[in-house]
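Here is a briefing on one protein chain.

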Amino acid sequence: MNITGKVKAIFLAVVAIFVLGIWDSVQAVRLKDVATFSGVRENQLVGYGLVVGLDGSGDSQASPFTLRSMSNMLEGMGVSVNPADLQPDNVAAVMVTASMPSSARPGSKLDVTVSSMGDADSLLGGVLIQTPLSGIDGQIYAIAQGQLTVGGYSVAGDAAEITTGVPTGARIPGGATIEREIPYRFNTQNEIVVNLNMQDFSTTAQVTESINEHFGSNLAYAEDNSTIRVDIPDGFRGNLVPFMAALEHLQVSPDSPARVVVDEKTGTVVIGEHVRLSRVAISHGALTVMVREVPDVFMPLPFTDAPPVIVPETEIDIIEEERQLSIIEGATINELVDGLNAIGATPRDLISILRTLKAAGALHAELEVI
């Protein structure tokens with residue numbers, strides 16, 4: 001082998017190693033991207049409030065809860081009014097929601113979402129009045145108030161109306177202030193529970209083995225096909241952040257069952273990596289039936305009062321494509337796609353073909369239609 005041949009061989013070897021390295025990095029993902037951890041969660045908060053300052057786009061008299069809420073709010077401020085005398089055009093009753101992480105502390109800010117409950121046309125320009133936000137236990141954890149940010153608008157005239165986006169929904173960035181923290185101490189745990197996003201024994205076993213190899217001890221054990229319990233090493237007791245950081249960045253390669261997902265509404269077909277197809281012969285053609293009505297009109301004789309005579313006439317044409325049998329076999333996803341493309345299958349045709357292959361037992365995958 002001359003020098004040029006050696007250089008070429010070395011170059012090809014380097015390229016192969018580089019490609020394999022890219023493939024491994026693509027296959028591997030961080031554990032934090034495919035799992036959740038005990039204690040690291042969000043808690044839902046909800047509250048009922050009023051939005052004021054609307055330009056005549058608020059609730060109408062047909063929303064009695066808005067009138068009652070306005071009356072109660074004013075009475076709490078020392079103003080006694082009759083609900084029947086109120087005009088809620090500039091006020092809207094809303095539901096306020098927010099997500100509070102377990103690590104949030106009093107004084108922290110939360111983004112809130114505001115949604116109309118009554119028949120208000122738009123929340124544009126409104127201001128949310130002080131609204132307490134409660135958890136599932138009924139305790140108040142945050143207070144929300146502020147100017148609304150609306151992502152849509154609605155303009156109406158006497159004969160037309162234009163609406164863009166959803167003007168009855170809004171957000172307030174940093175609109176809630178936490179007043180009570182969740183009674184949970186993350187660093188007091190003696191073990192961490194890892195909940196995988198998929199239920200797969202192979203992936204669970206692989207993650208468990210990777211954790212034990214990384215930390216050099218049998219800390220982890222699988223409880224079921226998606227739950228792994230990890231004991232906290234003595235060196236990390238009371239200081240779990242470094243341990244969780246190492247655990248989150250652990251590289252794993254999730255496995256997945258062979259699955260074909262079909263969306264009939266859009267004609268979308270997604271074929272998983274492990275889908276296989278037995279050797280099979282397929283013939284797929286389209287049948288088109290065209291029906292046309294071409295009536296004949298016969299005019300009456302001159303100088304008569306008889307009306308024209310209409311004789312219906314129907315023309316029916318049947319067109320059927322002639323396609324030969326094609327033998328396809330998919331040992332890999334590329335071979336399967338190439339074989340289906342070879343018979344000229346469109347996305348709509350592919351849905352019918354996949355269903356027929358599944359019924360024939362030639363498609364070795366789970367077929368899910370959504």
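Four strands form an open sheet in the order 2-12-14-13, with antiparallel pairing. Strands are DSSP E runs of at least two residues, helices are H or I runs of at least four, and both are numbered from the N terminus. Two strands pair if DSSP finds at least two bridges between them. The model is predicted: local features need pLDDT of at least 70, side-chain atom pairs count only at pLDDT 80 or more, and totals for chains, interfaces and linings use all residues. Residues are numbered from 1 along each chain as its sequence is written, and side-chain values use heavy atoms, with hydrogens and water left out.

- Axes are lines fitted to C-alpha atoms, for helices over the stretch in contact, and angles between N-to-C directions run from 0 to 180 degrees.
- Strand 2 runs antiparallel to strand 12 (residues 191-196), and three bridges join them.
- Within this pair, alanine 35 stands opposite leucine 196.
- Helix 3 (residues 201-215) lies across strand 12, strand 13 and strand 14 (227-231). It runs at about 170° to strand 13.
- Helix 4 also packs on the sheet and touches strand 2, strand 12 and strand 14. Its direction makes about 25° with that of strand 12.

**Threonine 227, in the sheet**

- Threonine 227 is found in strand 14.
- Its relative accessibility is 10%, which counts as buried. Buried means under 20% relative accessible area, exposed over 50%, and partly exposed in between (1.4 Å probe, protein chains only).
- Beyond its neighbours within four places in sequence, threonine 227 is in contact (heavy atoms within 4.5 Å) with Val193, Val194, Asn195, Thr204, Tyr221 and Ala222.
- Phenylalanine 201 is 26 residues from threonine 227 in sequence; their C-alpha atoms are 9.9 Å apart.

**Nonpolar cores**

- The largest nonpolar core has 26 residues. Such a core is a set of buried Ala, Val, Leu, Ile, Met, Phe, Trp, Tyr and Cys residues joined through side-chain atoms within 4.5 Å.
- Val114, Leu128, Leu133 and Leu148 have the most contacts inside this largest core.
- At least two of its residues come from each of strand 3 (42-52), strand 4 (92-101), strand 5 (109-116), strand 6 (127-134), strand 7 (140-147) and strand 11 (169-178).
- Strand 4 gives the most, with five residues.
- Another core, of 20 residues, lies apart from it; Val34, Val194, Ile228 and Ile232 are among its members.
- Setting aside neighbours within four places in sequence, leucine 133 has contacts that include Leu45, Val96, Val112, Ile140 and Ala176.

- Strand 16 (residues 259-263) and strand 17 (residues 268-271) run antiparallel, joined by four bridges.
- Valine 261 stands opposite valine 270 of strand 17.
- Four residues lie between the strands of this hairpin, where glycine 267 takes a positive phi near 75°.

**Salt bridges**

- The whole structure holds seven salt bridges. Each is a side-chain nitrogen of Lys or Arg within 4 Å of a carboxyl oxygen of Asp or Glu.
- Lysine 32 and glutamate 248 form one of them (3.7 Å, N to O). Lysine 32 lies in the loop between strand 1 (29-30) and strand 2 (35-37), and glutamate 248 in helix 4 (residues 241-248), so the pair ties together parts 216 residues apart in sequence.
- Lysine 32 is partly exposed at 32% relative accessibility, and glutamate 248 is partly exposed at 22%.
- Arginine 259 meets glutamate 366 in a salt bridge (3.4 Å, N to O). This pair links strand 16 to strand 25 (residues 366-369), across 107 residues.
- Arginine 259 is partly exposed at 31%, as is glutamate 366 at 39%.
- Arginine 229 bridges to glutamate 223, with their closest N and O atoms 2.7 Å apart. A network of salt bridges links Glu191, Glu223 and Arg229.
- Glutamate 223 is partly exposed, at 43% relative accessibility.

**Serine 71**

- Serine 71 is found in helix 2 (residues 64-76).
- Serine 71 is buried, with a relative accessible area of 1%.
- Its contacts, leaving aside neighbours within four places in sequence, are Val81, Pro83 and Leu86.
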